[in-house]
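Hello,

Here is the structure I said I would pass on. Please look through it first; my notes follow below.

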There are 2 protein chains.
Amino acid sequence: MGRVYILGGYQTDFARNWAKEGKHISAMLMEVMDGAFAETQIEPKEVESIHVGNFAAELYTKQGHLGAMVLSYHPDLKGIPTARHEAACASGAVATLAGRCEIEAGHYDLVMVIGVEYMRSVDSKTGGDYLGTAAWYEKEAKGISFPFPKLFGKLGELYDELYGLKYEHLAEISAINYANAKKNPLAQTRDWYMSKAHACSTGGYNTSVGGMIRTSDCSQVTDGAAAIFLASQRYAQEYAKKRNIPLEKIPYIMGWGHATAPLLFEEKVEEARRLRQKGEYILPATRKAILDAYRRAGLRGAEDLDAVETHDCFTTSEYAAIEHFGLTPPGEAWKAIEEGEIRIDGKLPFNPSGGLIGAGHPVGATGVRQILDAWRQVTENAGDYQVEGAKRVATLNIGGSATTNVVHIIGVD
Amino acid sequence: MGRVYILGGYQTDFARNWAKEGKHISAMLMEVMDGAFAETQIEPKEVESIHVGNFAAELYTKQGHLGAMVLSYHPDLKGIPTARHEAACASGAVATLAGRCEIEAGHYDLVMVIGVEYMRSVDSKTGGDYLGTAAWYEKEAKGISFPFPKLFGKLGELYDELYGLKYEHLAEISAINYANAKKNPLAQTRDWYMSKAHACSTGGYNTSVGGMIRTSDCSQVTDGAAAIFLASQRYAQEYAKKRNIPLEKIPYIMGWGHATAPLLFEEKVEEARRLRQKGEYILPATRKAILDAYRRAGLRGAEDLDAVETHDCFTTSEYAAIEHFGLTPPGEAWKAIEEGEIRIDGKLPFNPSGGLIGAGHPVGATGVRQILDAWRQVTENAGDYQVEGAKRVATLNIGGSATTNVVHIIGVD
C-alpha cells in the first residue's frame, strides 16, 4: 500500500461573518475550492473524488447533500463521486479518512477533502442548542443552555476530582492559544485581546459558563471552510516533477488513528474513575487513537513529534490532550504547561495556529484546517507561527465530549 | 485487492411508526443491530468499524453524531472507529462505499454498515420541507410544498417532452411495486390496496402532487433501519468454514459505481436535452454509475443481471432506471414495461421487494436495505419475493433529483 500525500490547500479567513456578508453556504464552498485550486495549481478536471466534512448544515443553513453541492464549482467536476461525512466536531477528520482510504484502495489518485461549517446564521443560544446534537441530545442537551461548555466543564471537574486541577493551568492554555492566533493572519481572534491575567479574571468580561469553564476557555463560534488535496504516490511524483521539487518535500500521512468512546459523558466518567485507579490515561479512546497513529507512523511517541494541532474546543480538552499524547504521565499535564513545553517555542508546541480557541472553530472544517496547518508547518509555510524545523506534526480532532477521536500524523522525510 | 463479502444482516419492519411507539432513534439503532448480530451469529467483539448512513436525523430527531451512538449497543464495541455518512437519499449506499474501502485498503476484516431514518416524528408538510434540503433548498425547495414530488414530476415532463410518456406506464410501475410488496413481510404497504386501475384513477384517492406525479407514484414516508456486515476474504473464509458452507455461497460486491450530477435539477434538464439530440441516455451520472459497476463486475450489461433493486422514490425515477440500466435503448423504457419484463416473473425483475414505493423509504436506510435485499435474493432467502435462481442483483440508490447515484452489484459465483 503506497503512501498518501498531501498537496496543500486553502482555508477561508475565519474572522469573516458570512451571514452578515449575506452569502450562502454554497459561496463558502466555492470560495474555498477556488482558493485550493489556485494555491496548488491543480485543475478541477484532475480531481477524481470529493469528500465534504460537515457537522450540521441542515440545522444552521437548511441545506443537506453538501457533497453534491460542490460539483457546482466547475463543469469539469460533473460525474465524479462525492459524499458528506459527519462525526460532530470530528467531521473534517472523518472526511479525510474516507478520502485516504479510497486512494489506499487504489481507486483514485487525487481526492479533494473539504471541511465546512456556517454557524453565525443563528443566535448563540440556538447555536448552543444545535451543538447539543453532537452529544446524546435527549439526555445531555435538551433544555440545557450551552450544553457543551457544561460537558467540558465536567471534564475539568473530573480532572480536579482524580488529580487536582488549578484554574491557572487552564488559563495558561487559553492565553497561549490567543497569543499564537495573533501570528495567524486567518485566525478569528487575531485582533482580540486576551492574556493569562484576563483569563484568570472572573466577572463581566469572563463569566463562568459551566463548572471550571469560563468564556476565555471556550473555542469560538466560527464561519469557515478548509480544503486539502490527497494524492497517491503516482500523482504526488508527477506533481513534484512538474514543480521541480523532490518528492521527499511533499508531506504524507505517516499515521492515523480513529477510536470512538460511548456518546454519553457519564459513561466516560465511570471508566475514567476505573482507569485512574490503575494509573492509566483516563480517556481510553483518545489514547487509543493517538497510540494507533504513533504505531502506524512508526514513531515512539510525543518525543518524535515537532508540533501538535489539537482539539481545544475548551481548555479542558487541550489539557487532556497534552497528557494523552504522552507529553506527560497521566494527571501531570500541568507540569508541561508550567514548564512552557506547549508554547510555540517550547519542547512540543501545541496549536501554533491558535487552535480552536484562537484560530476559530467552524465545526466541520476544523479537522481539515488542522491537517492543512500541519502541512503548512512541515513545508515551512506557516509564516509567523512557523515552528522551526518542524517535520512531523500530529493533529487530534474530537467529536462530542471526547467521543469520536481522530489523529493524523503529517510528515516529510 | 481481495473481494469484499456480504454476510447478511437485518432490517426493521418498515410498517412500524416509532414515534407512535414512543421510541427514540437510539432504540431503532439498537434493534437493528440486535437483529443483525442474531441473524448472522456474529459477536460485537468481532466488529472492527461501524459506518452509519443517515440523511437528516438532526432535523427529524434533533440528534447528530449517530456513528458514535451505535457504540451504546454493547461494551465490546468501545474504542472502534465509527462515522456517519450522508448523500441525501443515497446515504445508505455511501456508508457502504466507505466500509468497503476500509476492507479493500486492508485495515479491517469485518465492518458493520447501518442505514437509518426516523421520519414519522413530524407532519407530512414539515417532512416534505426537510426532504427539500436534499435539493438546493434556497432555489428549489424553500416555500414550496412537497418539493421532491414536484422535481420528479418534472422528470416525467422531461421524458414526455423528449420522448413522449404515457401515464399508464408510470401506473404500471406503481402497481408492480405495490404487488411485489404484498409478498414482503417487512414492507410498509404489505396490507395496503393498490392496483393499476387505482393508480390510473385521479381524484380523492389519488391526487396530483406535482406534474405527472400522483399519490400512487410516490414512495412512502417510513421509519426504519437496515444493517449489513461487510467482510474481507479472510473473515468470509472463516465464517463459511464455521457454518460449514462453501465460500462460493457467500455473496460479494462484484462491482460498484458512484457518480454525481449537479445538484440543481434545471442543470440536469439542460444536459438531458443536449443528450437527447445525440440519442444518448439523458441522466449521464446515473448511466456512469451503472456502467462503472458493470465494468468493475466484469458484466456486459443488463443481460447479465437477474434482478434489480432500484431507487423508485417516484415512478419516474424507476422509469429512468429501467432504460439507464440498459434494459432498453434511451426513451424506450415503456416497451420493457408493456412487455412485462420488469415484473417479478419477467426478464429482469425490478424491485422484487416492492422498492421504495412498496417496501417503504426510510431515506438513510434505503441503500443498505437494497443491498440486504440483493443478498437475500442471491442466497435464496427472499421468501415469497424470491426471484428464482438469482445470482447477480444490482442496486441503484439515488440522492436528490438523480444527483448522487450509487450502484452495487451483488453476486455469488
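Which residue is the bridge partner of His85(A) in β3(B)? The partner is His85(B). Strands here are DSSP runs of E, at least two residues long and numbered from the N terminus, and two of them pair if DSSP finds at least two bridges between them.

The model is predicted: local features need pLDDT of at least 70, side-chain atom pairs count only at pLDDT 80 or more, and totals for chains, interfaces and linings use all residues. Residues are numbered from 1 along each chain as its sequence is written, chains are lettered from A and ligands numbered from 1 in the order in which they are written, and side-chain values use heavy atoms, with hydrogens and water left out.

On the interface: 58 residues of chain B are in contact (heavy atoms within 4.5 Å) with 57 residues of chain A. Between them the chains bury about 4600 Å², 56% of it on carbon and sulfur atoms; this is the accessible area (1.4 Å probe) lost on being put together, summed over both. There are 8 salt bridges between chain B and chain A, each a side-chain nitrogen of Lys or Arg within 4 Å of a carboxyl oxygen of Asp or Glu. One of them joins Lys78(A) and Glu271(B), at 3.4 Å from N to O.

Regards

Note on methods: Buried area is the accessible area (1.4 Å probe) that two parts lose on being put together, summed over both. Helices (H or I, at least four residues) and strands (E, at least two) are DSSP runs, numbered from the N terminus.
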